[in-house]
Amino acid sequence: MAKQRAEPFLWLLFSAGGVVAALLVPALLLLFGVLFPLGWITPPDHDHLRAVAAFPLTRLVLFGLCVLALFHWAHRFRYTLYEGLQLKHLHRVIAVLCYGGAIAGSAAAAYLLTAGL
Amino acid sequence: MADTYPDVTADTGTDLDTGTITMRVTRYRPEDGELEPTTQDYQIPLRKDWAVLDGLNHIKDHIDATLSYRWSCRMGICGSCGMLVNGEPKLTCEAFLTDYAPGPVRVEPLANFPVIRDLVVEIGSFMRKLPQVKPWIIDEAPPPAGEHRQTPAQVAEYQQYSMCINCMLCYSACPIVGLDEHFLGPAAIALAQRYNLDSRDQGVLDRLEVLSTDEGIWGCTFVGECTTACPKHVDPAGAIQRYKLSAATESLKAFVLPKSRRARATNGPAPAKEGDTP
Amino acid sequence: MTVKDAPGGYTDFHPRWYRRPMPVFWWVRRRSYLAFVARELSSVFVAWFVAFLLLLIRAVGQGEAAYQRYLDWAANPFIIAVNVVALGFVVFHAITWFNLAPQAMVVRMRGQRVPPSMIAGGNYLAWLVASAIVIWIVLA
């Protein structure tokens with residue numbers, strides 16, 4: 001039984017991600033994923049959205065949301081594969097794919113929120 | 001005995017009778033060459049004051065003496081009569097037959113343990129896990145003269161976690177226990193928390209070595225079924241999540257704070273270690 | 001049969017235990033287990049949302065035409081269907097998360113332990129406020 005060095009930090013990221021995902025994602029997904037596409041509410045025009053997204057605090061919040069939500073996914077999905085499909089023997093591959101995906105997504109978010117806006 | 005005492009398990013025909021019910025009991029008799037469990041149906045009287053355990057006792061006394069199962073106190077405190085009743089882990093002395101009418105009531109051995117015979121499971125894995133979490137008060141200071149007093153608030157901190165009767169219903173309910181035989185499991189971790197939260201105990205860091213592992217708290221993914229199954233409202237799932245939070249903050253502090261200040265940042269005073277200045 | 005050749009064999013002093021195997025799809029047999037796996041799978045839709053959001057940010061950054069193309073793409077019935085399912089899972093995540101939070105944390109105010117219902121209530125209030133702020137910022 002080896003004491004876990006990384007797990008506490010990964011769990012903290014998972015938890016923080018769970019909180020921000022629970023607080024912010026439903027409203028954003030409701031607007032951009034359902035209500036705007038269905039035409040029930042007129043989507044905001046481009047200039048407004050760009051101004052909002054480019055505001056430094058929004059950039060920071062969006063970046064935090066993306067990073068934490070991705071690490072939330074990585075952690076939870078890793079354990080879902082371990083338990084739900086009994087793939088614990090593949091734990092190395094699964095961990096690399098999950099956290100690697102989260103890191104790649106975070107890098108993409110960093111790029112899009114700085115150079116891309 | 002039957003001459004001296006009234007036979008409480010006999011069908012006495014009082015107004016408590018409400019007909020009969022079928023009990024579908026798992027049998028496993030390796031001594032007869034059985035390789036897998038089978039089920040056997042028993043028709044028993046359905047009485048309002050009978051629990052599933054009373055039904056089993058009726059079967060044992062009047063129908064089939066070869067049935068094996070564990071029981072002792074009949075009042076939900078010994079923790080030995082845990083079985084699956086209609087698939088749910090229950091203390092059979094607390095599961096009333098009328099709640100399962102019209103039946104049949106399925107009675108199976110606890111899940112996630114090997115079966116020795118019929119409804120009797122092998123509990124060695126659990127017995128070996130319990131002492132690993134050092135479930136005793138760790139305090140290197142000499143005990144105080146007289147009582148080691150606690151305020152009601154200090155007792156309230158851990159009392160809930162001290163109610164465990166080791167019935168193992170939580171181990172039967174927990175899928176992680178079934179998936180990973182090395183997982184310490186709900187009761188053992190809740191018991192560790194019972195001592196961690198005790199104001200007389202200084203063993204938080206000692207236990208962290210055992211518990212902040214894959215087989216310890218990090219193996220749990222908060223299914224929450226242990227808490228649902230617990231007949232004593234211990235809430236092992238809550239204990240484990242609280243433990244994760246404190247273990248994670250502990251790791252964060254160890255990472256951020258300089259070494260000399262780590263000990264003081266723990267929950268309560270840290271145990272005296274070699275090299276510590278008094 | 002002797003004990004020696006018998007991890008599987010039965011002797012009086014070495015009974016043959018029966019070990020029930022855990023089926024791969026153990027979680028479909030019980031409602032509570034199924035709800036647990038659904039809760040864990042909500043994370044996939046959280047990740048999908050991040051991808052959806054990053055595409056939106058990229059489109060907004062590229063200009064008006066790209067933004068319009070993004071809106072048209074999001075109005076594709078298949079994408080809408082995915083997002084409706086995702087919304088269901090994400091709301092399920094939020095509800096289970098807020099309901100379980102009081103079990104994981106002990107909050108004290110003036111030395112008194114805050115009752116679990118108050119912690120959950122506080123979470124829901126925070127959810128309401130955060131959602132209102134998001135909607136106001138996007139639409140204002």
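Chain C, in this predicted model, has 4 helices and 2 strands, and if you read along its sequence you find these elements in the pattern α-α-α-β-β-α. Of its 140 residues, 41% count as buried, and its accessible surface comes to about 8100 Å², with 69% of that belonging to carbon and sulfur atoms. If we take the contacts within chain C that have a separation of 6 or more, residues 24 or more positions apart account for 39% of them.

Of the 117 residues in chain A, 51% count as buried, and the chain exposes about 5300 Å², 74% of which is supplied by carbon and sulfur atoms. Among the contacts in chain A between residues at least 6 apart in sequence, 72% join residues at least 24 apart.

Now to the interface of these two chains, where 52 residues of chain C are in contact with 51 residues of chain A. Together the two chains bury about 4600 Å² between them, and 78% of this area is on carbon and sulfur atoms. Which three residues supply more than any other three of the area that chain C buries against chain A? They are Phe49(C), Trp97(C) and Val138(C), with 14% of that area.

On the polar side of the account, the count between chain C and chain A is 14 residue pairs in polar contact, taking pairs with both residues at pLDDT 80 or more, and there is 1 salt bridge. That salt bridge joins Arg76(A) to Glu40(C), and its closest N and O atoms are 3.3 Å apart. As for the elements involved, helix H1 (31–62), helix H2 (64–74), helix H3 (77–104) and helix H4 (116–139) of chain C each supply at least two residues of the side that touches chain A, and H1(C) gives the most, with 19 residues. Sorted by class, this side of chain C has 41 nonpolar, 7 polar and 4 charged residues.

Leu49(A) lies in helix H2 of chain A, residues 46–54. Is Leu49(A) buried or exposed? It is buried, because its relative accessible area of 7% falls under the 20% cut-off. Leaving aside neighbours within four places in sequence, Leu49(A) is in contact with Phe32(A) and Pro44(A) in its own chain, and with Leu56(C), Val60(C) and Tyr67(C) across in chain C.

Let me turn to chain B, where 38 residues are in contact with 22 residues of chain C. Chain B and chain C bury about 2400 Å² between them, with 55% of it on carbon and sulfur atoms. How many salt bridges does the rule find across this interface? There are 3, and one of the salt bridges here is formed by Glu88(B) with Arg30(C), the closest N and O atoms being 3.3 Å apart. The residue pairs in polar contact between chain B and chain C number 15, again with both at pLDDT 80 or more.

Several elements of chain B give two or more residues to the side that touches chain C, namely strand E4 (88–91), strand E6 (115–117), helix H4 (169–173), helix H5 (175–179), helix H8 (225–229) and helix H9 (236–256). H9(B) gives the most, with 5 residues, and by class this side of chain B has 21 nonpolar, 8 polar and 9 charged residues.

Asn86(B), in the loop between strand E3 (82–85) and E4, has a phi of about 50 degrees, and Asn86(B) counts as partly exposed because its relative accessibility is 28%, between the cut-offs of 20% and 50%. Asp235(B), in the loop between H8 and H9, has phi near 60 degrees, and with a relative accessible area of 15% Asp235(B) is buried.

Note on methods
Residues are numbered from 1 along each chain as its sequence is written. Chains are lettered from A and ligands numbered from 1 in the order in which they are written. This is a predicted model: local features need pLDDT of at least 70, side-chain atom pairs count only at pLDDT 80 or more; totals for chains, interfaces and linings use all residues. Side-chain values use heavy atoms; hydrogens and water are left out. Contact means heavy atoms within 4.5 Å. Buried area is the accessible area (1.4 Å probe) that two parts lose on being put together, summed over both. A salt bridge is a side-chain nitrogen of Lys or Arg within 4 Å of a carboxyl oxygen of Asp or Glu. A polar contact is a pair of N or O atoms within 3.5 Å; within protein, one must be able to donate a hydrogen and the other to accept it, and residues adjacent in sequence count only if both atoms are side-chain atoms. Ala, Val, Leu, Ile, Met, Phe, Trp, Tyr, Cys and Pro count as nonpolar, Asp, Glu, Lys and Arg as charged, and the others, Gly among them, as polar. Buried means under 20% relative accessible area, exposed over 50%, partly exposed in between (1.4 Å probe, protein chains only). Accessible areas come from the Shrake-Rupley method with a 1.4 Å probe; for residues, only the protein chains shown count as cover.
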